[in-house]
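Please keep the sequence and the structure in view while reading.

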Amino acid sequence: MLIAGFPAGAWGTNCYLVAPAAGEECVIIDPGHQAAPGVEEAIRKHRLKPVAVVLTHGHIDHVASVVPVCGAHDVPAWIHPDDRFMMSDPEKGIGRTIGMPLMGELTVGEPDDVRELTDGAKLELAGMELTVAHAPGHTKGSVTFGLPEAADIPPVMFSGDLLFAGSIGRTDFPGGSMDDMLESLARVCLPLDDSTVVLSGHGPQTTIGQERATNPYLRQVAAGQGAPRAPRRGM
């Protein structure tokens with residue numbers, strides 16, 4: 001299994017390219033602000049052929065490069081229907097005006113081929129099976145993508161802005177909800193094996209075991225308690 005990730009843009013949003021091995025087809029996860037050059041570099045370095053873009057949610061820091069990346073490789077983009085509007089109207093998703101000097105030139109809109117994600121769907125892409133889990137809280141249409149354990153890697157969850165190393169995503173944007181976030185953490189994260197590698201939308205990788213032991217939000221959810229207000233992580 002090959003997973004190539006890098007932080008991109010003003011918010012350091014993690015973009016991932018996932019393939020069975022170098023020289024094969026790949027899936028691109030969350031090509032956000034200024035991610036296109038890094039995507040192309042990873043494609044060249046690992047001799048990859050993209051077949052799809054999949055999105056953990058619709059915030060601009062995760063989708064800003066969807067149109068150019070999909071257009072360059074003639075591939076579809078997958079997103080949950082509750083967040084699809086953000087591709088065409090990113091300011092509505094964050095409830096504020098986006099500063100153009102910070103963001104630079106943006107290609108706002110949908111790629112030619114957009115497909116919608118559903119909870120529990122199993123996407124057969126690039127010779128891999130990605131399992132979709134609807135995980136609202138950060139946004140109404142947030143999802144995670146799971147890869148099963150393979151011979152060379154433990155299980156992997158691409159958590160978007162649901163779960164970070166030591167923290168969780170913020171819930172104060174339009175469509176955010178702390179109640180939904182806590183429910184998603186309990187339903188999506190807690191049942192996973194401790195060995196599951198968590199590759200999040202921001203920050204370093206971690207594991208479910210590490211977060212179960214040290215993340216104050218996940219610990220309180222596991223104990224059946226509420227959680228303090230989420231910190232400002234992500235955009």
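## Nonpolar cores

A nonpolar core is a set of buried Ala, Val, Leu, Ile, Met, Phe, Trp, Tyr and Cys residues that are joined through side-chain atoms within 4.5 Å. In this predicted model, the largest such core has 25 residues, and those with the most contacts inside it are Leu17, Ile28, Val39, Val53 and Val66. Two or more residues of this core come from each of strand E1 (2–8), strand E2 (13–19), strand E3 (25–29), helix H1 (36–46), helix H3 (66–73) and strand E5 (77–79), and the largest share, four residues, is that of H1.

Within H1, the buried residues are Ala36, Gly38, Val39, Ala42, Ile43 and His46. Because these residues cover an arc of only 165 degrees around the axis, they lie on the same side of H1. On the other side of this helix, Pro37, Glu41, Arg44 and Lys45 are exposed.

The buried residues of H1 are covered by elements that include E1, E2, E3, strand E4 (49–54) and H3. After the helix comes Arg47, which has a positive phi, near 55 degrees.

## The largest pocket

The largest pocket has a volume of about 200 Å³. It is lined by 15 residues, of which Thr131, Gly146, Leu147, Val156 and Leu192 are the closest to its centre. At least two lining residues are supplied by each of strand E8 (128–134), strand E9 (143–147) and strand E10 (156–160).

By residue class, the lining of the largest pocket consists of ten nonpolar residues, four polar residues and one charged residue.

## Leucine 218

Which helix holds Leu218? Leu218 lies in helix H9, which covers residues 216–222. Leu218 counts as buried because its relative accessibility is 1%, whereas the cut-off for burial is under 20%.

Not counting residues up to four places away in sequence, Leu218 touches Leu185, Cys189, Leu190, Glu211 and Arg212. The C-alpha atom of Leu218 is separated by 25 Å from that of Asp83, a residue 135 residues apart from Leu218 along the chain.

Terms used:
Residues are numbered from 1 along each chain as its sequence is written. This is a predicted model: local features need pLDDT of at least 70, side-chain atom pairs count only at pLDDT 80 or more; totals for chains, interfaces and linings use all residues. Side-chain values use heavy atoms; hydrogens and water are left out. Buried means under 20% relative accessible area, exposed over 50%, partly exposed in between (1.4 Å probe, protein chains only). On a 1 Å grid over the protein atoms alone, a cavity is a set of points where a 1.4 Å probe fits but cannot get out, and a pocket is an open set with protein on both sides within 12 Å along at least five of seven lines; lining residues have an atom within 4 Å of a point. Grid points are joined across faces, edges and corners, and a volume is the space filled by probe spheres set on the points. Ala, Val, Leu, Ile, Met, Phe, Trp, Tyr, Cys and Pro count as nonpolar, Asp, Glu, Lys and Arg as charged, and the others, Gly among them, as polar. The arc is that of the directions from the helix axis to the C-beta atoms. Contact means heavy atoms within 4.5 Å.
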